[in-house]
Amino acid sequence: MSDSGRQRQIVELLRDRPFASVRELQERLGVSAATVRRDIDRIDEAGEARKVYGGISALDGASQAGIAYARPYDENRDLAVEAKRQIAAVAATMVRDGDAVIVHGGSTCFHLGVKLADRNIRLYTNSMPLAAYLSDHGHCSLTVAGGELHREPGIIHSLTQAAPFYASKFFLGAQGLNQEGVLESHPLLVRSIADLSLCSDQIVVLADSRKLSIHARNVALPLSRIGTLVTDDGLSDADARMLEDAGVMVRIASTSGAIP
């Protein structure tokens, strides 16, 4: 198959899904990882899709209805990794020894949980990957949500049992974020966010700046409920003004490595 033929096939694949990894494309196209990466570079340069860590992503919000799809956890964790780590590092400075905190599912929250693993705190999570990590590597006091395991989006949730925990801060991620609030496509995430938001004094959203250009189907929390947003230095001036006008405190994590 020619270079242009492979690249057309990759672009066509992204019309039906939001992300494709290098490994998946290598297997699908029968070429080397280096060839796939060169194809991704050409597609990115042409503006037909976006090169991201670990693969290639459809342009944000691209779908027939103009609504972003929710990426599987295993795919989402490989996007904007450095920004997520820096956001998690800033968020960790908001936690004091002795605090009780809730850390929701999602890849940015996972990085926060890693930062808090050895802290003298009480941590409640419904994240299956984070609970497994803290079980093996953490020393903080850990409470895991009760209920059924939902392998996608990777959380434990009960439709009938309230969370037996109250926290000073509830840290959560977002599929998208705009003037309406925290946006999610997955109904279970909407339900769990709403439930856990009632169990804390302050709500802190961890979202890299890409999320402000993504529109998802459901409002999980209105903007008025958010106390603080921790994001990266790609935040636009217009979005910063929108958030501040809504009363949201904005903290910026520098992706160049310095933490404010």
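Author: Strand β8 and helix α8 (187-197) each supply at least two residues of the lining of the second largest pocket. Helices (H or I, at least four residues) and strands (E, at least two) are DSSP runs, numbered from the N terminus. The biggest share of this lining comes from α8, which gives four residues. The model is predicted: local features need pLDDT of at least 70, side-chain atom pairs need pLDDT 80 or more, and totals for chains, interfaces and linings use all residues. Residues are numbered from 1 along each chain as its sequence is written, and side-chain values use heavy atoms, without hydrogens or water.

The volume of the second largest pocket is about 270 Å³. A pocket is an open set of points on a 1 Å grid over the protein atoms alone, where a 1.4 Å probe fits, with protein on both sides within 12 Å along at least five of seven lines; lining residues have an atom within 4 Å of a point. Twenty residues line this one, and S158, Q161, A162, A163 and D195 are the closest to its centre. By type, the lining divides into 11 nonpolar, seven polar and two charged residues.

Now the rings. There are two aromatic pairs (ring centres within 6.5 Å; planes under 30 degrees apart are stacked, over 60 edge-to-face, the rest tilted). F110 and Y133 are edge-to-face, with 5.7 Å centre to centre and 70° between the planes. This pair links distant parts of the chain: F110 sits in helix α6 (residues 107-116) and Y133 in helix α7 (residues 128-137), 23 residues apart.

Y124 is buried, at 4% relative accessibility. F165 is buried too, at 7%.

Last, the cysteines. The count of disulfides (cysteine sulfur atoms within 2.5 Å) is zero. C109 is buried, with 1% relative accessibility. C199 also counts as buried, at 11%.

Note on methods
Phe/Tyr/Trp six-rings, centres within 6.5 Å; stacked < 30°, edge-to-face > 60°. Buried < 20%, exposed > 50% of the residue type's maximum accessible area, 1.4 Å probe, protein only. Points joined across faces, edges and corners; volume = space filled by probe spheres on them. Nonpolar A, V, L, I, M, F, W, Y, C, P; charged D, E, K, R; others polar.
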